[in-house]
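The following paragraphs lead the reader through a structure from its overall make-up to individual residues. Please keep the sequence and the three-dimensional view at hand while reading.

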Amino acid sequence: MSQYVARRLWHAALTLVGVSILVFVVLRVMPGDPAKMLLPEGAPQSAVEELDRQLGLHRPLAAQYLIFLHSVFRGDFGQSFQYRAPAARVVLDRVSATIDLTIAAMLLIIGVGVPIGLMAAVRHRTPYDYAGMVVAVLGQSLPNFWLGIMLILLFGVTMRWLPTSGFEGWRYLVLPSLTLAAYPTAFIARLTRSGMLEVLDQDFIRTARSKGLPGTTTVLRHALKNAIIPVLTVIGLQIGTLLSGAVITESVFAWPGIGKLIVDAIFSRDFPVVQTVLILSAATFVLVNLLADLLYTLVDPRIRYG
Amino acid sequence: MAGRKASTSARAPDRGSRLLPAGRGLRRIVRQNPLLVVGALVLLSVALACALAPALTPLDPIKTGFSGRLRAPLGLGGTWAHIMGTDNLGRDIWARVLYGGRISLALAAGAVLLAAGTGIVLGLFSGYAGGRIDDLIMRLADIQLAFPVIMLAIAIIAVVGTSEFAIIGVLALSGWVLYARTVRANLLSIRSLEYVEAARALGAGGLRIIFRHVLPNTTAPLLVIGTSQFATMVLLETGLSFLGLGIQAPRPSWGNMMAEGRDYLSNAWWLATIPGAAISLVVLGANLFGDGLRDLLDPRLRHR
């Protein structure tokens with residue numbers, strides 16, 4: 001058990017170091033001199049060099065990486081070229097919008113995806129099952145930027161029920177979170193269904209049924225309890241899908257979160273902000289992954305000695 | 001065929017040792033597995049239409065015709081000259097969908113092939129070499145998976161530019177891990193089977209065992225991964241182009257067509273709707289095909 005935990009911790013740490021190296025290398029070989037982009041057209045070479053020195057861009061790469069790593073540990077991700085403020089501050093200001101969106105999407109995934117999968121499994125090979133799976137396949141096939149635009153067209157432009165961009169209150173959250181949640185909800189519905197079908201097939205369910213337990217007790221207390229654990233783990237891991245989806249969803253709805261921020265920062269070559277968003281997202285994913293694995297070992301003793 | 005013979009005599013893992021279960025006619029496949037057929041038909045017809053674009057439209061997808069901007073599609077007041085209408089620069093949308101599809105589908109297919117090739121080689125190498133090299137490659141896989149796909153892709157694209165090669169490379173980078181892990185796991189489990197030990201005892205070298213035993217026994221899961229990944233790759237490529245980090249205007253791509261159409265939602269909704277419908281159709285086809293293929297090749301999962 002402790003050996004397993006130690007190994008998982010070690011791997012997580014290695015992954016984070018790898019993440020930081022990769023991010024650093026990718027962004028420092030970026031063409032297009034940021035100093036030149038910050039200064040007005042035709043600024044003298046001496047001004048460019050001066051700004052390079054201020055931003056630390058004149059040192060060798062390895063030295064820049066070590067400086068970078070050292071400051072990351074102090075929570076200092078450098079100065080945003082574009083906003084002229086600490087990158088960490090710029091990103092943190094935007095995090096809460098993305099968290100709102102992600103939580104709303106998570107609620108949809110759990111509140112819609114799991115019940116659809118459950119219904120499809122319990123009513124296996126009935127119209128309920130087929131309808132649920134058709135919805136799920138569609139949910140996995142519609143690109144979220146298209147879905148978002150169609151929702152805007154339908155509810156914003158044609159019917160004018162809901163606001164299509166901006167960020168004040170829950171009404172603004174409806175369309176973006178639907179857009180973001182569609183794909184993972186469909187995925188979780190299918191996963192819940194196949195997990196439930198597998199458990200419902202097993203001997204102890206037949207025993208429970210044959211000793212006369214009511215159907216709902218069997219399904220909820222016996223089957224769902226067993227089928228839900230892997231599903232919950234995977235729901236936790238959807239954080240990666242959600243962060244990826246947030247990039248596009250936020251761009252479609254002009255949602256002021258880190259997804260839109262990273263796209264804007266890419267276009268203005270604001271390395272420190274891009275770096276911060278990438279590292280924060282990857283670190284979040286690694287930590288959630290680690291936590292899910294560790295929780296799993298607590299819940300399911302078979303893993304500990306695997 | 002020594003491998004094939006050995007695999008039947010010495011209890012090879014049955015999954016995928018033969019691609020199609022013997023004695024099953026085409027008609028039975030169609031009846032038992034409608035998903036596979038529908039998916040294949042959808043994919044084939046879209047791919048064919050895009051490939052035959054010059055035969056299906058005489059119009060140029062890039063040349064602008066300012067005389068007729070934002071014309072409605074047929075049935076909404078449009079004419080046969082532009083069955084899907086025209087865009088904000090007067091370009092024919094039908095022509096742009098076909099030529100744009102060529103690019104989007106080719107990039108997605110190229111990305112799947114490159115991801116599969118890289119993943120299979122790294123997976124084999126990792127499993128075969130073991131030890132430090134195995135550790136290193138698997139940690140690289142962890143690092144890759146830690147990034148939200150689109151974020152890493154846009155960061156790299158911003159560095160290396162938006163050429164086709166760059167896009168294929170970035171997409172493949174996001175996809176190789178699945179193959180590597182599958183191949184490695186299969187290599188490790190197959191390597192210790194009796195018939196492989198027998199083959200080794202008879203003097204078969206590492207490469208021979210890989211090509212005769214490991215790869216044939218891994219074909220089925222790899223094919224399933226490949227088809228469903230094609231759907232993901234189409235979504236990713238069009239997503240990148242939508243953000244302005246893929247195929248650049250004026251060349252058409254389903255993604256950048258949608259990005260341009262977004263500004264005309266209130267007066268010309270078809271601009272964004274049509275290319276999006278094309279993407280959905282292809283992704284739906286690939287998903288159905290992938291599900292059907294999995295049912296066909298992995299009977300344990302049938303009807304799940």
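Buried residues make up 47% of the 304 residues in chain B of this predicted model. Among the contacts in chain B with a separation of 6 or more, 73% join residues 24 or more positions apart.

Helix α13 of chain B covers residues 270–297, which is 28 residues. From its first C-alpha to its last, α13(B) reaches 40 Å, close to the 40 Å expected at 1.5 Å a residue. How many of the residues of α13(B) are buried? The number is 23 of the 28, and α13(B) is therefore largely enclosed by the rest of the structure.

The packing of this helix against another may be considered next. Two packed helices are described by the angle between their axes and the distance between the axes. For helix α3 of chain B, residues 34–51, and α13(B), the axes come within 7 Å and cross at roughly 145 degrees. The crossing in which α3(B) passes α13(B) is left-handed. On the side of α3(B), the residues that make the contact include B:Leu35, B:Val38, B:Gly39 and B:Val42; on the side of α13(B), they include B:Leu281, B:Gly285, B:Leu288 and B:Asp291. By class, the residues of this contact between α3(B) and α13(B) comprise 15 nonpolar, three polar and one charged.

The description now turns to the contact between the two chains. Chain B contributes 34 residues to the contact and chain A contributes 39 residues. On the side of chain B that touches chain A, the elements giving two or more residues are α6 (131–146), α7 (149–160), α11 (206–243) and α13 of chain B. Of these residues of chain B, the largest share, nine, comes from α7(B). The side of chain B that touches chain A has 24 nonpolar, six polar and four charged residues.

Nonpolar residues also form a core. The largest nonpolar core has 161 residues, and those touching the most other members are A:Ile262, A:Val274, A:Leu278, B:Met151, B:Ala153, B:Ile154 and B:Ala155. Helix α5 of chain B, residues 93–129, gives the most to this core, with 16 residues. What is A:Ile262 in contact with, leaving aside its neighbours within four places in sequence? Its partners are A:Val247, A:Val274, A:Val277 and B:Met151.

Two single residues complete the account. B:Ile157 is placed in helix α7 of chain B. B:Ile157 is buried because 22 other C-beta atoms lie within 10 Å. Apart from its neighbours within four places in sequence, B:Ile157 is in contact with B:Thr162, B:Ala166, B:Val170, B:Leu240 and B:Leu245. B:Ala220, by contrast, is 63 residues from B:Ile157 along the chain, and their C-alpha atoms are separated by 32 Å.

In chain A, A:Thr98 lies in helix α5, residues 87–122. Is A:Thr98 buried or exposed? A:Thr98 counts as buried because it has 26 C-beta neighbours inside 10 Å. Not counting residues up to four places away in sequence, A:Thr98 touches A:Ala246, A:Gly257, A:Ile258 and A:Gly259. A:Thr98 and A:Gln238 are 140 residues apart in sequence, and their C-alpha atoms are 14 Å apart in space.

Notes:
Residues numbered from 1 in each chain as written. Chains lettered and ligands numbered in written order. Predicted model: local features only at pLDDT ≥ 70, side-chain atom pairs only at ≥ 80, totals over all residues. Helix = DSSP H or I, 4+ residues; strand = E, 2+ residues; numbered from the N terminus. Expected span 1.5 Å × (residues − 1). Buried ≥ 20, exposed ≤ 12 C-beta atoms within 10 Å, placed from the backbone. Axes fitted to C-alpha atoms, helices over the stretch in contact; angles between N-to-C directions. Left-handed = near helix turned anticlockwise from the far one by under 90°. Contact = placed C-beta atoms within 7 Å. Nonpolar A, V, L, I, M, F, W, Y, C, P; charged D, E, K, R; others polar. Core = buried A, V, L, I, M, F, W, Y, C linked by C-beta atoms within 7 Å.
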